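Subject: Structure handover

Hi,

Here is the structure I said I would pass on. Please open it next to this email.

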Amino acid sequence: MKLEELVNKNYELLNQNDLHIWKYIQAHKKDCSSMSINEMAKLCNVSRTTILRFAKKISLEGYSELKVHLKWDLEYSVNMADEVTEVISDGYVDVIHEVTKKDFQPICRLIYGANRVFVFGSGDFQMAVAKHLKRLFLHGGDCLYDVDSITINKEFFKIVKPDDLVILISLNGESKSIVSTAMELKLMGVPVISISKMKNSTLARLSVENIYISTTEIHFDNQSTHSFEATASLYVVAELLFVKYNLYKNQLRQVEKTPHI
């Protein structure tokens with residue numbers, strides 16, 4: 001099992017120090033695969049015991065096994081080069097299988113009952129998906145308001161009300177800006193639906209509903225410095241949400257038209 005999968009599986013056990021360690025490892029996989037526990041502890045500004053606890057929290061025996069998994073991840077990235085098309089395709093198939101098991105009715109109910117629905121993407125690609133979602137819903141006769149900026153301006157919090165709904169699209173669900181936005185909305189009593197790849201991320205925990213996706217990362221060199229993350233599954237989720245919502249809306253209209261005896 002890849003390290004990212006182990007982290008996702010045991011995410012609820014991780015604290016802020018653990019997440020800090022994981023972010024460092026993600027950004028320096030090649031270097032971490034060959035450094036000592038003391039070197040990593042120094043670079044992460046934590047104790048060696050904290051590094052050990054992190055490894056055990058994600059179900060590993062210790063630091064040595066963590067390094068083995070890092071090397072496996074790097075080897076997997078290299079070996080993947082000859083079968084990259086199959087790997088990316090399998091990743092999309094996995095997302096589709098996972099998301100089709102999701103019960104969208106609570107999400108559709110929130111959208112239908114909201115006074116206004118705002119959608120925000122925390123990065124360039126996520127913003128593009130937010131705009132796509134807006135266009136889809138407009139095609140179905142519903143208006144979504146996309147927050148067309150890199151971060152949510154403080155003026156937005158003067159506009160949004162508890163009877164509105166905000167959809168936040170983020171990959172890891174842990175960036176400072178997206179977490180602070182979700183926290184502010186929660187304090188205001190504004191419901192949030194999140195779309196992210198970390199099942200138990202801070203963003204997901206601050207949301208009333210979450211749609212989980214996974215992505216496939218392709219490394220173009222052995223140093224993990226030149227890579228690509230296949231995130232088109234966000235578009236799949238956006239289109240599936242649009243279809244599910246319109247089916248939900250039509251079912252409600254049919255019920256309303258049915259004469260009561």
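Below is what was found, from the whole chain down to single residues.

**Overall**

Keep in mind that this is a predicted model. The protein chain has 261 residues, and 47% of them are buried. Its secondary structure comes to 13 helices and 7 strands. Take the contacts in the chain with a separation of 6 or more: 69% of them join residues 24 or more positions apart.

**Cysteines**

How many disulfides does the structure hold? The count is 0. C44 is a case to look at: the nearest cysteine sulfur belongs to C32 and is 6.5 Å away. A disulfide needs the two sulfur atoms within 2.5 Å, so C44 is in none. C44 is buried, at 1% relative accessible area. C108 is buried as well, with a value of 2%.

**Second largest pocket**

This pocket has a volume of about 190 Å³. Its lining consists of 10 residues. Which of them lie nearest the centre of the second largest pocket? They are W22, K23, Q26, N172 and K197. Sorted by class, the lining has 5 nonpolar, 3 charged and 2 polar residues.

**H132**

H132 sits in helix α9, which covers residues 124-139. Is H132 buried or exposed? Its relative accessibility is 14%, and the cut-off for buried is under 20%, so H132 counts as buried. Setting aside neighbours within four places in sequence, H132 is in contact with Y235, A238 and E239.

**I211**

I211 belongs to strand β5, residues 209-212. The relative accessible area of I211 is 0%, so this residue is buried. What does I211 touch, leaving aside its neighbours within four places in sequence? Its contacts are V99, F104, I107, S194, I195, S196 and V237. For S196 there is also a distance: I211 and S196 are 15 residues apart in sequence, and their C-alpha atoms are 6.6 Å apart in space.

**To check on your side**

Best wishes

Terms used: Residues are numbered from 1 along each chain as its sequence is written. This is a predicted model: local features need pLDDT of at least 70, side-chain atom pairs count only at pLDDT 80 or more; totals for chains, interfaces and linings use all residues. Side-chain values use heavy atoms; hydrogens and water are left out. Buried means under 20% relative accessible area, exposed over 50%, partly exposed in between (1.4 Å probe, protein chains only). Helices (H or I, at least four residues) and strands (E, at least two) are DSSP runs, numbered from the N terminus. Contact means heavy atoms within 4.5 Å. On a 1 Å grid over the protein atoms alone, a cavity is a set of points where a 1.4 Å probe fits but cannot get out, and a pocket is an open set with protein on both sides within 12 Å along at least five of seven lines; lining residues have an atom within 4 Å of a point. Grid points are joined across faces, edges and corners, and a volume is the space filled by probe spheres set on the points. Ala, Val, Leu, Ile, Met, Phe, Trp, Tyr, Cys and Pro count as nonpolar, Asp, Glu, Lys and Arg as charged, and the others, Gly among them, as polar.
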